[in-house]
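Please open the model in your viewer and keep the selection panel at hand.

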Amino acid sequence: RDTEDMLGQQRHRWAAVAARVRAANTCVVDSAVAAVVAVPVAAQFSNVPPGGLDLLGVLLNAGTVLPLIWRRRAPFAVAVTVAAFAVGVSVYHRPGQDLQYGALIATYTIADLGNRWQRRSFLGFLVLFLGPGALLVKHYAAPEFLLTLLLPLSAYILGALARTSRARAAALRERAGALQEQ
């Protein structure tokens with residue numbers, strides 16, 4: 001019984017934290033997300049050999065992070081911008097990051113907050129261009145290639161699940177309110 005009470009209290013604490021994050025200023029939260037993504041992007045610059053770092057590489061990598069500050073206000077524009085810079089990072093590869101954290105966040109966000117045509121357009125872009133583009137940029141072994149395809153699609157699916165879950169919760173609240181009125 002004590003274990004159940006502790007689990008219930010933990011769930012309540014996490015629900016309270018989630019509610020505070022949702023109620024926070026979106027610009028502050030999105031800036032924090034961008035800052036967290038900036039850490040691994042910046043970390044790659046620490047082990048670049050002399051002469052391996054240049055301004056274009058820095059700008060391309062920054063382009064995968066900075067737009068995330070506006071991800072909730074303009075999800076489609078941010079997703080397209082970050083995707084374009086992520087392609088630039090992959091092609092230029094000085095320094096290059098194989099795992100595009102900013103692009104994963106932008107993909108999640110478009111699936112979660114974009115309207116129908118934006119979601120469908122971006123998903124179509126992922127399906128049509130991600131695989132062939134990955135093969136053109138780098139020689140991948142099969143597991144790496146699958147990871148390159150599945151990570152963005154997983155981010156998209158998680159964003160779609162978040163949107164669906166929020167819509168379901170709103171419908172349940174509406175239904176509960178209607179039942180209380182009866």
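A polar contact is a pair of N or O atoms within 3.5 Å; within protein, one must be able to donate a hydrogen and the other to accept it, and residues adjacent in sequence count only if both atoms are side-chain atoms. This is a predicted model, in which local features need pLDDT of at least 70 and side-chain atom pairs count only at pLDDT 80 or more, while totals for chains, interfaces and linings use all residues. Residues are numbered from 1 along each chain as its sequence is written, and side-chain values use heavy atoms, with hydrogens and water left out.

**The whole chain.** Begin with the chain coloured by secondary structure: there are 7 helices and 0 strands. Helices (H or I, at least four residues) and strands (E, at least two) are DSSP runs, numbered from the N terminus. The C-alpha trace spans about 70 × 35 × 30 Å along its principal axes.

**Arg-71.** Next, select Arg-71, in the loop between helix H3 (55-62) and H4. Is Arg-71 buried or exposed? Arg-71 is buried because its relative accessible area is 11%, and buried means under 20%, exposed over 50%, partly exposed in between (1.4 Å probe, protein chains only). Show the side chain of Thr-109 as well: the side chain of Arg-71 makes a polar contact with it, at 2.7 Å. Contact in general means heavy atoms within 4.5 Å. Leaving aside neighbours within four places in sequence, Arg-71 is in contact with Asp-30, Val-33, Val-78, Ile-105 and Thr-109.

**The nonpolar core.** Finally, select Leu-68, Val-82 and Phe-122, which touch the most other members of the largest nonpolar core, a group of 16 residues. Such a core is a set of buried Ala, Val, Leu, Ile, Met, Phe, Trp, Tyr and Cys residues joined through side-chain atoms within 4.5 Å. H4 gives the most to this core, with 5 residues. Around Phe-122, not counting residues up to four places away in sequence, display Ala-79, Val-80, Ala-83, Thr-107 and Ile-110, which Phe-122 touches.
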